[in-house]
Amino acid sequence: MKTLLPVAMLLATGLLTSCGNGADKTASGTVYNINVTGGNTANWTQGDGKASLKHVATEVPKVHSLHFTNKGNKLMVALMFPGDAPPAAGKYVFGNAAGAGVVNGLYVDNRSKIESYTAAEGTIELTVKGGVYSGKFEFKGQGGPIGGGQKEIKVSGTFEGVK
């Protein structure tokens with residue numbers, strides 16, 4: 001899993017910069033709310049951005065990412081599930097250790113200077129019906145501005161109708 005974290009950060013940075021190309025769209029019926037507190041604060045909903053499930057098969061390791069961005073693509077949360085198969089319904093744990101049911105979380109803030117935070121601990125609960133994802137998540141993140149001091153944040157969200 002140590003190799004997954006740097007790849008995940010590069011993947012998420014690439015996803016953040018490519019969001020404006022029309023590939024990332026919020027499906028009709030999608031409802032979500034993202035809330036960030038602590039050393040960095042933000043809140044946005046489906047009316048303020050986009051949500052999707054992305055499959056990135058060109059990187060190693062392959063991942064599926066539930067991806068939420070705000071309007072203007074300055075804020076992003078990526079919940080990354082390793083593997084080539086879409087994530088199944090269930091409860092998953094955020095972290096940097098390898099193992100079944102472990103996923104990575106990332107929050108990136110590019111409003112004034114790039115800040116990135118990786119999930120240190122937390123959980124996500126998924127339900128899946130016909131390839132459409134709903135659930136809730138919460139994780140504590142560690143990171144901060146590039147070249148700056150470490151901060152801790154809490155990222156939480158609820159979502160339904162994401163595909």
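**Aromatic pairs**

Trainee: How many aromatic pairs does the structure hold?
Mentor: There are eight aromatic pairs. Rings of Phe, Tyr and Trp (its six-membered ring) pair if their centres lie within 6.5 Å; planes under 30 degrees apart count as stacked, over 60 as edge-to-face and the rest as tilted. One of them is Phe68 with Phe159, tilted at 5.5 Å centre to centre and 55° between the planes.
Trainee: Where do Phe68 and Phe159 sit in the chain?
Mentor: Phe68 is in strand E4 (residues 63-70) and Phe159 in strand E10 (residues 151-162), 91 residues apart. Strands (E, at least two residues) are DSSP runs, numbered from the N terminus.
Trainee: What about the model itself?
Mentor: This is a predicted model: local features need pLDDT of at least 70, side-chain atom pairs count only at pLDDT 80 or more, and totals for chains, interfaces and linings use all residues. Residues are numbered from 1 along each chain as its sequence is written, and side-chain values use heavy atoms, leaving out hydrogens and water.
Trainee: Is Phe159 buried or exposed?
Mentor: Buried, at 4% relative accessibility; the term means under 20% relative accessible area (1.4 Å probe, protein chains only). Phe68 is buried too, at 0%.
Trainee: Why is the pair of Phe137 and Phe159 tilted?
Mentor: Because the planes are at 40°, with the centres 6.3 Å apart.
Trainee: Which cluster do the ring pairs make?
Mentor: They link Tyr32, Phe68, Phe94, Phe137, Phe139 and Phe159.

Notes
Helices (H or I, at least four residues) and strands (E, at least two) are DSSP runs, numbered from the N terminus. Buried means under 20% relative accessible area, exposed over 50%, partly exposed in between (1.4 Å probe, protein chains only).
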